[in-house]
Amino acid sequence: MKLARHKVPVLVLNCKLGGLAIMRSLGSLGIPLYGVDADAKAPGLLSRYCRREYIREFDESRPIEYLEFLRGLGKGLGKGTILIPTSDELSIFVAEQAEALKEYFVFPDNTSDLVRNLASKEGMYHLARKHAVPSPFTEFPKSLDDVLAYLESARLPIMLKGIYGNRLEERSGKKMVLVRTKDELIEVYKSLEDPDHPNLMLQEYIPGGDDQIYIFNGYFDHRSDCLCGFTGHKIRQFPVHVGCASLGVCRWNEEVAVQTTTFMKNLGYKGILDIGYRWDERDGLYKVLDINPRIGQAFRLFVSRNGMDVARSLYLDLTGQEQVHPITSREGRRWMIEDFDIISSYHYYKEGDLTVTDWIKSFRNLEEGAWFRWNDPVPFFKMTGDLGKKFYKWLLK
């Protein structure tokens, strides 16, 4: 795949696995890429395609400092630089500081209220209900008394999640917990909740395997029309049953695609979207679990036969170039996060849900890993070193 114009630079904010994938997808087309992250060893900053790395931590309590830092970078990179945030917090920041950032940067123009509501599971839930998008029944307790009241009529098990998943993960190391008993719910709620800033929600548990979680990745233009859309589903998760896709497959699902594009059109959303559903066999509905109003770390699971992905679609649109058509997904393409999948496979095996034979067969049609790339090996070497240290500590236990 070649672009007619590829000189407009891109600045990536937060260069974890999603940032690394952007570097490789756009960098291989000759697009100049720059990255910002708090960690000098963030994988995106280690990529050969990152022309220059900038080390700066984003502090939500001091947004103006980060704004002035970015404006300083914008002066150096030039007006019209494309800005791609890869976390919920930074997507909200860009939407809130849009007027000041527009002097130097180009990015999809969403209201901060819309981005904040989509990034928050509470806001997402109410938007889904308003627009008749199926979603699991959810409560948002503000205190232990609310949880006790919920338990009077609750049907267990349930999912205990963070309204803002990243905040819960920073506080506890977890984004969600499957709770099976009343006593367990009370205990876990007390251990995870921050009483001063309530961030937990109680979500109906939908039975089914990990391969019943479907993903839509797409890019929506200034009219909220979907220019590039893909669907697929998870095969394995990390952590098992409650985490991100460690192995996934690209598989077209018309119902998921139509449901998502109609929802986003009604909301007036613009830009890259990553959204997850669980299929509920009890009523045959795809119920929305999670919406990321930004690029997802698994976006390279979804690649068309002519090489298009959502990052490339965004670049073409924001630089005024025509999209490359037809966009037909590579059916059956598999993608993995190598270290996550090694650990998850062990746990699935321990549970009795995965045999060695099925594990080997699961890599059929595997086309890409999140870490490995033969002509950009440094991030992979960094990952294997870190994984080796974890394995060594595990052996010493």
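Which residues does isoleucine 22 touch, not counting residues up to four places away in sequence? They are Val12, Gly27, Leu33, Ile84, Thr86, Ile295 and Phe299. Touching here is contact, meaning heavy atoms within 4.5 Å.

This is a predicted model: local features need pLDDT of at least 70, side-chain atom pairs count only at pLDDT 80 or more, and totals for chains, interfaces and linings use all residues. Residues are numbered from 1 along each chain as its sequence is written, and side-chain values use heavy atoms, leaving out hydrogens and water.

**Nonpolar cores**
- A nonpolar core is a set of buried Ala, Val, Leu, Ile, Met, Phe, Trp, Tyr and Cys residues joined through side-chain atoms within 4.5 Å.
- Buried means under 20% relative accessible area, exposed over 50%, and partly exposed in between (1.4 Å probe, protein chains only).
- The largest core has 42 residues, and Val10, Ile22, Leu26, Ile84 and Ile295 touch the most other members.
- Helix 1 gives the most to this core, with 6 residues.
- A second, separate core of 21 residues includes Leu114, Tyr214, Tyr277 and Val288.

**Helix 4**
- Helices (H or I, at least four residues) and strands (E, at least two) are DSSP runs, numbered from the N terminus.
- Among the buried ones are Asp88, Leu90 and Phe93.

- Two strands pair if DSSP finds at least two bridges between them.
- Strand 7 (residues 158-162) and strand 9 (residues 200-204) are joined by 5 bridges.
- Glycine 162 has leucine 200 of strand 9 as its bridge partner.
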